[in-house]
Structure formats: structure tokens, C-alpha cells
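This report is written for a reader who meets this protein for the first time. Please keep the sequence and the structure in view while reading.

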Amino acid sequence: MNLRFLSATLLTVSFAASPMASAYSFDSVKKNAGEMMSGQSSQSTGTASGASLLSSLGSGSMNLGSMQNVAGVLGYCQDQGYTESTTDKVKNSLLEKIGGQSQAEESDSYQQGLSGLLDGGNGQTFSLTQLKDQVGKKACGMITDKAMSSFLGG
């Protein structure tokens with residue numbers, strides 16, 4: 001009887017703690033991004049900090065600028081080792097939609113993306129160049145997800 005009660009209690013606690021652990025993990029990533037990016041925000045160029053990027057992506061309030069820029073950013077993410085195979089598929093799908101790699105390479109927006117600058121679509125630009133491992137992976141994963149829903153209907 002005590003063993004059943006203990007098992008049921010542990011199972012209940014693990015289900016209850018799972019969303020909290022996920023929320024904690026995201027909050028700690030945002031906090032780490034803020035600490036790493038403090039002093040890196042530049043108002044003169046309109047480039048926002050990594051913490052702001054994660055916050056905007058996490059809340060869903062950020063619109064992506066162009067497919068060309070996002071394809072470039074995903075290329076940047078790949079070059080930095082921040083991405084998984086899903087990112088490659090999304091990047092290739094975006095490139096197909098805009099006429100292929102050679103067409104994209106003619107775009108200033110794509111070139112900016114390749115250098116780590118994400119156009120937020122509202123005049124704000126986010127630089128991924130100062131992000132570090134865990135924060136970079138999180139940001140690139142969120143950009144991939146946003147690109148799938150915004151441009152590929154996924």
C-alpha cells in the first residue's frame with residue numbers, strides 16, 4: 001500500500017515539475033543571454049540585444065523580415081554549429097521559394113543574414129554574432145520554428 005502511494009506521488013510530482021523545468025530552462029537562457037549581451041545593444045544602428053531577440057521570439061511578437069534574410073541567418077546558424085538537420089531543410093525550402101542559392105546570393109538581405117544579422121521586419125535588426133553556445137542554439141532553433149510557420153506553412 002505504501003509503495004503504491006509513493007509511486008503515485010512520485011509520478012504526480014514528475015508530471016507537475018516537467019513544465020516548471022521547461023519554463024525554468026527558458027528563463028535561465030533568457031537571463032544568460034541578458035548577462036552575455038549587456039552593453040551590446042546599439043541604438044544608433046537599431047540592433048537589439050540577444051535577450052531582446054529571445055524575448056521577442058519566445059513571445060511570438062516578432063515578425064521575420066524576408067525569406068532571403070532568414071535563409072542567410074539560418075546559414076549563419078549552420079556555420080556556427082548552432083543548428084540541427086531541421087534548420088538545413090527549412091533553409092533549403094526558403095532558398096527554393098526565392099529562386100535558389102544563386103538568386104539569394106544577389107540579395108543584400110541574404111548577405112546580411114549570412115553575417116548574423118536578423119531583420120525583424122519592423123525596422124529592428126538583431127545581431128547573432130555575440131551569442132554564445134546555448135543561447136545561440138536556442139535563438140537559431142526559435143528562428144527555424146518561426147520561419148517554418150511564417151514562410152512554409154508548417
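## The disulfide

The model, which is predicted, contains one disulfide. The two partners are Cys 77 and Cys 140, with a distance of 2.0 Å from S to S. The link of Cys 77 and Cys 140 is left-handed, with -80° about the S-S bond. Cys 77 belongs to helix H3 (residues 67-80) and Cys 140 to helix H7 (residues 133-151), so the pair ties together parts that are 63 residues apart in sequence. A disulfide is a covalent bond between the sulfur atoms of two cysteines. Cys 77 and Cys 140 are both buried.

## Overall composition

The protein has seven helices and three strands. Along the sequence, these elements follow the pattern α-β-α-α-α-α-α-β-β-α.

The protein has 154 residues, and 34% of them count as buried. Its accessible surface comes to about 8700 Å², and carbon and sulfur atoms account for 50% of that area. Among the contacts with a separation of 6 or more, 73% are between residues 24 or more positions apart.

## Helix H3

Helix H3, which holds Cys 77, has 14 residues and should span 20 Å at 1.5 Å a residue; its end C-alpha atoms are 20 Å apart, which agrees with that expectation. After H3 comes Gly 81, which has a positive phi near 75°.

Which residues of H3 are buried? They are Asn 69, Val 70, Ala 71, Gly 72, Val 73, Leu 74, Gly 75, Tyr 76 and Cys 77. These buried residues pack against H4, helix H6 (108-114), strand S2 (117-119) and H7.

## Thr 87 in helix H4

Thr 87 is located in helix H4 (residues 85-97). Its relative accessibility is 4%, and because buried means under 20% relative accessible area, Thr 87 counts as buried.

Neighbours within four places in sequence set aside, Thr 87 is in contact with Leu 74, Gln 78 and Thr 144.

## The largest nonpolar core

The largest nonpolar core has 29 residues, and the members that touch the most others are Leu 53, Val 70, Leu 94, Leu 118, Leu 128 and Ile 143. Two or more residues of this core come from each of helix H2 (50-59), H3, H4 and H7. H7 supplies the largest share, seven residues.

Residues up to four places away in sequence not counted, Leu 53 touches Met 62, Leu 118, Phe 126, Leu 128, Leu 131 and Ala 139.

## Ala 139 in helix H7

Ala 139 is part of helix H7, the helix that also holds Cys 140. Is Ala 139 buried or exposed? Ala 139 is buried, and its relative accessible area is 0%.

With residues up to four places away in sequence left out, the contacts of Ala 139 are Leu 53, Leu 54, Leu 57 and Leu 131. Leu 131 is also touched by Leu 53. Ala 139 and Ser 55 lie 84 residues apart in sequence, while their C-alpha atoms are 9.8 Å apart in space.

Note on methods
Residues are numbered from 1 along each chain as its sequence is written. This is a predicted model: local features need pLDDT of at least 70, side-chain atom pairs count only at pLDDT 80 or more; totals for chains, interfaces and linings use all residues. Side-chain values use heavy atoms; hydrogens and water are left out. Helices (H or I, at least four residues) and strands (E, at least two) are DSSP runs, numbered from the N terminus. Buried means under 20% relative accessible area, exposed over 50%, partly exposed in between (1.4 Å probe, protein chains only). Contact means heavy atoms within 4.5 Å. Accessible areas come from the Shrake-Rupley method with a 1.4 Å probe; for residues, only the protein chains shown count as cover. A disulfide is a pair of cysteine sulfur atoms within 2.5 Å. The expected span of a helix is 1.5 Å times one less than its number of residues. A nonpolar core is a set of buried Ala, Val, Leu, Ile, Met, Phe, Trp, Tyr and Cys residues joined through side-chain atoms within 4.5 Å.
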